[in-house]
Amino acid sequence: MIYIGLFITYIFINNFILTQFLGLCPFIGVSKNSESAIGMGMAVTFVMGIASIITYLVYHFLLLPLNLTYLQTLSFILVIASLVQFVEMVIQKNSPSLYQALGIFLPLITTNCAVLGIALINITEGYNLMQSFTAGLAAGIGFTLALVLMSNIRERLDLHPVRKAFRGVPIAFISGGLMALAFMAFDKSLLTNLLG
Amino acid sequence: MHRLPTFRKGGIHPGDKKELSQSQPVERLPFPDELIVPLSQHLGAPANPLKEKGDAVGMGEMIGEASSFISANIHSPVNGTITEIRQITLMNSVSCKAFVIKVDTENPAVEFTAHPWKDKSGEQLLGKVKELGIVGTGGATFPTHVKLSVPKGKSVESLVINGVECEPYLTSDHRLMLEQTEQVLEGIMIAAHITEPKNIIVGVENNKKDAIERLRSVISEKKLPIEVVALQVKYPQGDEKQLLKATINREIPSGKLPLDVGAVVLNVGTAFAVYEAVVYNKPIIDRIVTVSGEAMKEKKNVRTPIGTKIADLIAFSGGLNDNVGKMVAGGPMMGFAFYDDQIPVIKGTSGILALERKKEKKVKISTPCISCGKCVAVCPMGLQPTRLFRLIENRQYEQAMKLNLMDCKECGCCAYSCPSELPLVHGMKLGKKMGRK
Amino acid sequence: MNILFAFLVIAALALVLGFALAVAAKKFAVEKDVTAEQILAILPGANCGACGFPGCSGYADALSKGTAENGLCSPGGAKTSKAVSEILGTGGAVETEKMVAFVHCRGNHEVTAQDYEYRGISDCNAAHLLFKGDSSCKFGCHHLGSCIEVCPVEAIYRDEKDNIMVDPEKCIGCKKCTLVCPTQVIKMIPYRGSHAVACNNHDKGAVVRKICSVGCIACKICERKFPESGCTVSDNLSSVDYAKETAQIADAAAACPTKCIVTAK
Amino acid sequence: MASGKINILSRGLLKENPVFILMLGLCPTLGVTTQVINALGMGAGVIFVLVFSNIFVSLLKDIIPGSVRIPSYIVIIAAFVTIVEMMMHAFAPSIYSSLGIFLPLIVVNCIILGRAEAFANKNSIVDSFLDAIGMGVGFTLALLLIALIREVFGSGTITLFAMGSFDGVIEIPILYTYPVRVLTLAAGALLLMGYLKGFFEWYSKRKRG
Amino acid sequence: MENRKLTVSSSPHIHTRMSTSSIMWSVTVALLPAALWGVYVFGLRALLVIAVSIVSSVAIEYGLLKISKDGSVLDGSAFLTGLLIGMNLPADVAIVVPILASAFAIFVVKWTFGGLGSNWMNPALAGRVFVFFSFTGLMNTYRMPRTLVSAGVDASSSATILTQIKMTVSEQTALLASSTGVLESSGYPYTGFAHNVSQFFSSMSLNVSEYTIDAFFGNIAGCIGEVSAFFLILGGIYLLYKKIITWHIPVSMIGSFALFAWVFGGLRNGLGLFQGDFVLQIFSGGFILASLFMATDMVTSPVTRKGMILYGILIGFFTFLLRYFGSLPESSSLAILLVNIFVPTIDRYIMPKRFGEVEKKSNKKEVKA
């Protein structure tokens with residue numbers, strides 16, 4: 001039950017983009033067309049899931065025993081940066097077209113606050129290994145959902161006469177704001193009411 | 001109540017306005033002084049000219065020769081002399097060469113005599129159809145001999161005769177079925193002799209009850225193996241794809257022909273032309289044209305020589321009212337608007353309509369699309385006109401091609417139903433042109 | 001002590017990760033086209049498509065593979081082609097003269113007769129589908145401004161008389177407008193050219209005179225009286241040969257009865 | 001020469017404002033701007049990290065091999081972020097807790113890595129320092145602008161430092177009773193950002209054209 | 001034909017009489033009975049709210065169109081948006097609220113995106129939700145309808161059916177009652193008329209609660225335009241008859257809501273599966289208004305029939321989820337906004353079936369066989 005709860009929490013209630021402001025750069029940058037949005041979303045979800053596990057291990061089996069918790073930011077970002085570079089290499093090798101589409105945004109996953117964010121949240125929320133992984137995955141899926149919906153909205157907007165000053169990034173923000181407005185329907189009590 | 005068959009997807013019910021001219025018997029237009037006979041009256045390559053300026057031509061004489069497989073011969077509709085070979089633009093904006101023929105007013109016509117055909121082979125008959133330049137008279141003007149030649153290995157299940165005439169205003173096929181019933185039916189039998197189908201069906205929309213009755217009574221009288229199917233009234237049932245869905249419940253896949261589902265479709269007018277060609281050796285040198293529209297003084301069905309200038313035809317119908325706003329060749333849904341009354345009637349001209357000038361709107365012609373989805377609902381081909389139009393407006397022609405723009409046959413259902421009055425069909429035509437580039 | 005731990009942990013982490021990455025880098029190594037990237041850096045990045053390739057990166061790829069000719073980039077001009085040839089080691093810049101687009105028609109609805117009233121999409125190619133446009137002149141500008149829409153640098157505009165004009169200063173010579181124009185009334189002329197014949201009608205003078213007051217009627221005054229103007233009349237239309245153009249063309253312009261020789265600036 | 005230095009310092013303020021023009025560091029921009037005080041705290045943190053990381057990157061630019069450039073920068077940045085975290089925790093615990101996760105997330109603030117990569121990596125220490133100050137102040141000003149709008153209209157208050165009898169909160173009549181609460185929420189932040197960005201684009205275009 | 005310029009355009013040359021503005025005005029007409037009923041039961045204050053919404057919407061639209069120099073206010077879309085905003089507000093709301101809601105709807109949601117037809121979110125609903133989340137306190141003051149007040153109920157007791165249910169359900173942990181039961185036990189008022197009708201039904205051994213009847217006819221507290229399901233349905237039938245809306249969205253939306261509410265609705269009240277009191281739930285709150293007039297907004301709903309059905313089902317599901325398990329008593333407007341987000345995605349992936357597609361597949365099968 002708690003895992004379902006985690007999914008609901010990180011996909012809807014605490015959607016990283018629409019309520020937590022994490023991962024806004026790729027949300028604005030990669031949501032121009034839906035194909036790269038899906039690719040980016042999957043890459044981020046993958047990295048977030050793995051990063052959740054590895055940072056959990058690093059924290060609980062390295063930093064905590066050595067009483068070096070103040071090093072969490074430093075060590076987490078190291079781990080994540082390496083992980084992303086690894087993923088980048090794998091994608092470049094196995095799917096050059098996806099690599100082309102994601103372009104400069106793959107390295108940007110490193111500096112995507114969503115990834116470091118979920119690692120830090122996992123620690124502060126005191127999740128265990130499985131929960132951390134679930135939360136990472138769910139947050140990634142929530143990110144992907146918002147990204148894909150946004151990309152389709154933007155593809156639609158591309159064909160409409162959006163006011164000149166707002167074309168591109170501004171209208172993406174405004175659309176994101178309207179999405180967030182609707183996502184306010186999901187609040188914490190929804191979770192408690194659902195799962196008791 | 002028994003529901004009449006029709007096609008399922010999409011379609012519209014525009015007011016048919018056929019009452020304007022459907023009770024007018026066909027009149028014959030006297031030969032005008034001058035005819036303009038274009039060399040491209042059919043789908044496919046224009047014919048090659050066989051005559052030169054100053055040559056005398058006789059009625060029914062071949063003056064243009066088919067230049068490729070999909071092309072058709074052109075014949076002189078009259079006795080006369082060629083005074084000029086001129087470059088003209090037809091209603092559909094196609095430019096081609098045309099013979100200007102000065103009519104021999106003393107002795108314009110010749111008599112055609114009847115020949116028996118039953119003893120001839122299918123191939124011989126097909127040769128006649130080809131030689132005499134028979135093309136579909138429904139509007140698309142596809143060369144009939146191409147349609148009727150069944151490739152080896154393929155057989156024809158059904159011969160479907162199109163008596164639908166679903167375009168509003170037009171009544172030429174209706175009058176033909178009423179007045180020349182025997183000839184039309186004999187033409188159908190000739191086509192059946194060529195294609196050897198298992199069954200023969202005539203599809204007629206139920207707003208032509210008198211034609212259906214007349215056909216049925218003649219059929220039973222002559223004991224012909226032809227079935228007449230009354231169809232629900234719905235546009236665009238006259239398109240061969242929709243007609244086949246309605247009559248034999250087969251769908252022609254995208255980019256395929258009726259033959260691929262074992263069917264051959266002929267218009268009633270074409271059947272009549274086949275009859276005249278085979279029995280009388282007479283090429284298509286005249287046809288019935290519906291002259292109608294609110295801004296036309298008299299509404300008529302006129303048997304008109306090919307090449308007659310539209311001005312002559314209008315004059316025969318008493319001229320135009322002052323409130324004329326638009327002239328249309330063909331039906332109002334798929335016909336072409338034109339501005340020059342010096343262009344001639346050709347083999348595919350089923351009607352000449354004069355429409356009233358609409359009240360001028362102060363604002364733009366069209367308002368923005370409100371994605372009501374009406375165009376999607378009425379599209380008989382299952383396309384999304386609104387999305388295609390948006391893509392085309394934004395010059396994303398390739399994207400539009402990917403969404404099957406080429407399946408669009410410009411029937412006009414979408415633009416007819418669009419509450420924003422978007423020129424959707426115009427957009428599709430533009431998209432096809434630019435997409436092909 | 002603690003500091004030492006901290007240092008060790010980070011160092012160990014970095015070492016392990018660095019090693020893993022080094023292994024991975026070997027394993028997943030992909031050859032990168034260095035030349036293409038270098039060329040891409042030099043190209044102007046307007047992605048205008050004047051070279052005929054999909055964007056600058058497409059052209060850069062083709063150049064590095066040797067499948068494209070140098071000098072196709074008109075926005076970049078000679079400078080770019082020189083830099084590209086340096087990278088490719090082919091040597092010698094391809095000399096290209098700056099060309100700009102010019103609309104060879106000044107026939108707005110006031111001066112040119114109209115055949116009919118057009119209703120439809122506000123797009124030149126759409127209008128062209130219906131009897132080649134509503135203007136009685138089937139060679140001229142449709143005045144619907146599709147070229148304005150496709151211009152990547154907003155160099156094309158509509159003047160107060162509803163004529164479509166190109167600003168030669170802003171034009172980068174990408175030829176997008178010439179490709180979109182259904183009547184090919186937009187042609188490229190050299191940037192240095194001072195005058196141009198603002199007509200595209202090949203009909204006989206009498207026909208032109210009937211439908212347009214600013215069309216070329218092929219009177220040949222420019223050609224005969226001002227032989228050094230560079231104007232030649234062929235197929236019923238005068239045109240300027242910019243290789244021969246001299247200052248005399250100003251006189252020819254003044255003498256033109258329909259004033260269809262205009263300044264190009 | 002001097003004008004060159006001033007240019008480096010000043011362009012972060014408006015012409016290359018990291019938030020409105022370069023669109024960098026958006027997550028904290030929207031995440032912490034519910035209160036003016038948070039914006040100030042975040043701004044201070046970012047300036048601190050930016051200045052030191054720029055200086056260090058500029059110092060080490062010739063030593064660090066190109067292939068491990070980015071990871072090294074990140075380590076440098078992360079170290080300073082950890083220092084900021086500790087300092088805030090010690091001296092401004094209330095800001096520390098209200099900034100929450102966004103404080104450690106300065107590490108991945110694209111402004112810092114971006115400036116390290118785009119500027120400090122190629123320029124002298126002095127220039128890098130000036131650039132850091134300019135960018136940091138530009139970032140802080142942008143945050144302040146957004147925070148002011150969001151707090152004034154969204155909660156009807158302006159929260160500053162508590163000093164003596166002043167509890168640090170200025171209440172604005174009417175708006176305090178009927179605030180447009182959406183502005184303090186995610187939706188309002190994104191909408192406001194969109195309109196501000198649109199305004200800045202329109203403004204800069206108008207200035208140019 | 002000389003001197004008389006003809007028009008030339010692409011085919012078709014005839015056109016249906018329906019136009020954008022005729023659609024907008026027809027919807028307005030269809031909404032009028034319900035709006036008038038709202039004014040009747042909630043008094044002139046309700047009329048004021050509606051009038052202010054309409055005037056501010058139209059004025060803002062007019063001003064913005066002056067700036068952008070396109071479109072026309074005469075198309076009736078701003079009028080309709082204003083009317084819908086007014087009908088979605090309680091009668092006692094502060095007058096600034098409809099103005100702000102209209103401003104948000106017309107400026108942010110519609111104009112910025114390019115005006116009529118370009119917005120992807122329902123402007124009226126977004127406006128309502130915007131003011132709802134901004135001024136939650138101001139929005140939750142409902143007055144009792146005239147019909148209940150005349151039956152002796154305190155006009156200021158302001159809970160709507162749904163807020164009453166939500167309050168009771170969230171206060172008590174282990175209660176075993178249907179929605180109707182909850183209302184009965186909390187002594188929620190009903191009209192004598194409803195009682196008589198209910199008696200009549202029970203004489204035919206049909207169990208229809210007084211609350212359902214009151215909710216159906218509009219004798220309940222709530223937003224101005226949403227209370228009378230009866231008049232709304234009348235308007236909906238008119239729109240269906242005029243072929244302005246199709247059945248797909250309302251039917252799939254109500255159907256999916258009813259199904260979910262019936263199957264799972266009882267769980268929240270401590271009952272088992274298949275115990276949900278969905279009839280009362282359908283007629284209370286803004287559900288009928290939402291399903292007939294809001295969800296069917298053409299601009300923000302899918303274009304294909306299949307898409308429309310999916311859209312309706314999603315809205316029904318979210319309405320159910322949020323109404324029964326969320327913290328807010330009423331959710332149909334939020335559910336529509338949520339699903340609006342999905343519409344571009346639905347439109348992208350759900351396409352109508354192409355002509356000839358079936359044939360291809362069956363042909364393949366034939367070949368295999």
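Predicted model: local features only at pLDDT ≥ 70, side-chain atom pairs only at ≥ 80, totals over all residues.
Biologist: Which pair of touching chains has the most contacts?

Modeller: Chains B and E have the most among the eight pairs of chains that touch. The contact takes 66 residues from chain B and 42 residues from chain E. Between them, chain B and chain E bury about 4500 Å², and carbon and sulfur atoms give 58% of it.

Biologist: Why is area used for an interface?

Modeller: An interface's size is often given as the accessible area lost when the parts come together.

Biologist: What makes E:Arg354 and B:Asp407 a salt bridge?

Modeller: The closest N and O atoms of E:Arg354 and B:Asp407 are 2.8 Å apart. The rule asks for a side-chain nitrogen of Lys or Arg within 4 Å of a carboxyl oxygen of Asp or Glu, so a pair that meets it is called a salt bridge. Across the interface of chain B and chain E the rule finds one salt bridge.

Biologist: How many salt bridges are there across the interface of chain E and chain C?

Modeller: The rule finds zero there. In that interface, six residues of chain E are in contact with eight residues of chain C. The area buried between chain E and chain C is about 600 Å², with 63% from carbon and sulfur atoms. On the chain E side, E:Lys5, E:Thr7 and E:Val8 lose the most area to chain C, together 75% of what that side buries.

Biologist: How do you know that no contact joins chain C and chain D?

Modeller: Contact needs heavy atoms within 4.5 Å. No such contact joins chain C and chain D, and their closest C-alpha atoms lie 9 Å apart. Chain B and chain D also have no contact, with their closest C-alpha atoms 23 Å apart.

Biologist: Why is C:Ser238 called buried?

Modeller: C:Ser238 has 4% relative accessibility. Buried means under 20%, so a residue with that value counts as buried. C:Ser238 is in strand β8 (residues 237–240) of chain C. Leaving out residues up to four places away in sequence, C:Ser238 touches C:Val197, C:Cys216, C:Cys222, C:Cys231, C:Thr232 and C:Val233.

Biologist: What does chain C look like in numbers?

Modeller: Chain C holds 10 helices and nine strands. Of its 265 residues, 47% are buried. Its accessible surface comes to about 13300 Å², and 58% of that belongs to carbon and sulfur atoms. Among contacts in chain C between residues at least 6 apart in sequence, 54% join residues at least 24 apart.

Biologist: Why is D:Leu141 called partly exposed?

Modeller: Its relative accessibility is 45%. The limits are under 20% for buried and over 50% for exposed, so D:Leu141 counts as partly exposed. D:Leu141 lies in helix α7 of chain D.

Biologist: Which residues make the nonpolar surface patch on chain D?

Modeller: D:Leu13, D:Leu14, D:Val137, D:Leu141, D:Phe199, D:Trp202 and D:Tyr203 make the patch, which covers about 610 Å². Residues of a patch need over 30% relative accessible area, so D:Leu141, at 45%, passes that limit. Helices α7 (125–154) and α8 (186–208) of chain D each supply at least two residues. α8(D) gives the most, with three residues.

Biologist: What makes β2 and β4 of chain B edge strands?

Modeller: Four strands of chain B form an open sheet in the order β2-β8-β7-β4, with antiparallel pairing. β2 (34–38) and β4 (56–57) each have a single partner strand, so one side of each is left without a neighbour in the sheet. β4(B) pairs with β7 (residues 80–89) over two bridges in the antiparallel sense. B:Val57 stands opposite B:Gly80 in β7(B).

Biologist: How do you know that β13 of chain B is mostly covered?

Modeller: Seven of the seven residues of β13 (residues 286–292) are buried. On one side these are B:Asp286, B:Ile288, B:Thr290 and B:Ser292, and on the other B:Arg287, B:Val289 and B:Val291. In a regular strand the side chains alternate between the two faces of the sheet.

Biologist: Which strands does β13(B) pair with?

Modeller: Six bridges join β13(B) to β14 (residues 300–305) of chain B in the antiparallel sense, with B:Thr304 as the bridge partner of B:Arg287. With β17 (residues 351–356) of chain B, β13(B) pairs in the parallel sense over three bridges. There B:Val291 stands opposite B:Ile352.

Conventions: Residues numbered from 1 in each chain as written. Chains lettered and ligands numbered in written order. Heavy atoms only, no water. Patch = residues over 30% accessible without salt bridge, like charges linked within 9 Å, V, L, I, M, F, W, Y side chains within 5 Å. Areas by Shrake-Rupley, 256 points an atom, 1.4 Å probe, with all protein chains shown as cover. Buried < 20%, exposed > 50% of the residue type's maximum accessible area, 1.4 Å probe, protein only. Pairing = 2+ DSSP bridges. Buried area = accessible area lost by both parts, 1.4 Å probe.
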